[in-house]
Amino acid sequence: MTPRADCILDARARLGEAALWSQTEQRLWWADISAGRLNRFDPASGTNESWDFPCPLGCFALRSRGGLVLALANGWHGFDPATGETAFWSDPEPDRPGNRFNDGTTDPAGRFWAGTMPIEGARERAEGALYRLDADRRTTRVMDGFYVQNGLAFSPDGRVMYVSDSHPDIRTVWAYDYDIDTGTPTGKRVFFDTRQVRGRPDGGTVDADGCYWMAGVSGWQLVRITPDGRVDRTIDMPVEKPTKIAFGGRDLRTLFVTSIGENITPGTEERQPQAGGIFALDVGIPGLPNTPFWG
């Protein structure tokens, strides 16, 4: 039976992204990148809290010591939602003021990975990079040459790292062998060429079976891909641009999906009145718990 995606928050987000489940809080954290807004949603009560920042917020991670690390357009910041206080840590791209952070996640050892992209002209300029933030807050530029970096995820054993580029001419998900001890990816290879499905690769995650889930932006669907790169299933979505997916709920069997509400295809507005909303569906497969950032 095909699961149905229900809109649990008609958020009308401009660029809904960065879905991240907190098992401790039983809350879904998510961002509206363009608005520079961090959100925390309680599915049980339907309550959504938000905090605004003066520049785009690409992604974030929960911290082991409490609070979050934010990847804002002007660099890494620590954030305490209890007080609303933000502390600047560092800017890994002072030489690229036209960039912002986009997609990110933690590895199983608690390092935070996040990539950047041009705020304007991403389709013309491959000026994005991928960074690793270690527990001591040192930043390393690990990869370069992205148009629209996306799709970060790790296999259940931490030995495979997934990264994608959403550019229409590239639209590829790559896999790397990952050294969990050093945080080093090697052996780049094509994992999945998204030309065989409707959507381009946006946010990704991995389930307990080791299958990679891809939000097919501009394709109205989600795609589950086996570890050997085969399409296992596709799920139609009621919005054109699903963006980031995260397993959550007490048993980690609920798939939460953010979406884009701006720049949708003209003439499709009546088909997707809840574009920019947060959706949930039961896919019958558990995900993996998030590892907090250890810095």
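Predicted model: local features only at pLDDT ≥ 70, side-chain atom pairs only at ≥ 80, totals over all residues.
A residue counts as buried under 20% relative accessible area, as exposed over 50%, and as partly exposed in between. How many disulfides does a search of the whole structure find? The search finds zero.

Now turn to the backbone. Most residues other than glycine have a negative phi. Arg 12 is not a glycine, yet its phi is positive, about 55°. Look for Arg 12 in the loop that runs between β1 (6-9) and β2 (16-22). Is Arg 12 buried or exposed? Its relative accessibility is 55%, so Arg 12 counts as exposed.

Trp 220 also calls for a look at phi. This residue is other than glycine, and its phi is positive, near 60°. Trp 220 sits in the loop between β19 (212-217) and β20 (221-225). Its relative accessibility is 13%, so Trp 220 counts as buried.

Next comes a sheet. Four strands form an open sheet in the order β6-β7-β8-β9. The pairing is antiparallel. Why is one side of β6 (57-62) and of β9 (85-90) left without a neighbour in the sheet? These two strands stand at the edges, and each has a single partner strand, so one side of each has no neighbour there. On average, neighbouring strands of this sheet are turned by 25° against each other, with direction ignored.

Strand β8 covers residues 75-80 and pairs with β9 over five bridges, in the antiparallel sense. Trp 76 has its bridge partner in β9, and that partner is Ser 90.

Finally, look inside. In soluble globular proteins, nonpolar side chains tend to be buried together. Here the largest nonpolar core has 17 residues. Which residues have the most contacts inside this core? They are Trp 213, Leu 222, Leu 255, Leu 281 and Val 283. Several strands contribute to the core. At least two of its residues come from each of β19, β22 (242-248), β23 (254-259) and β24 (278-282).

Definitions and conventions
Residues numbered from 1 in each chain as written. Heavy atoms only, no water. Buried < 20%, exposed > 50% of the residue type's maximum accessible area, 1.4 Å probe, protein only. Pairing = 2+ DSSP bridges. Axes fitted to C-alpha atoms, helices over the stretch in contact; angles between N-to-C directions. Disulfide = S-S within 2.5 Å. Core = buried A, V, L, I, M, F, W, Y, C linked by side-chain atoms within 4.5 Å.
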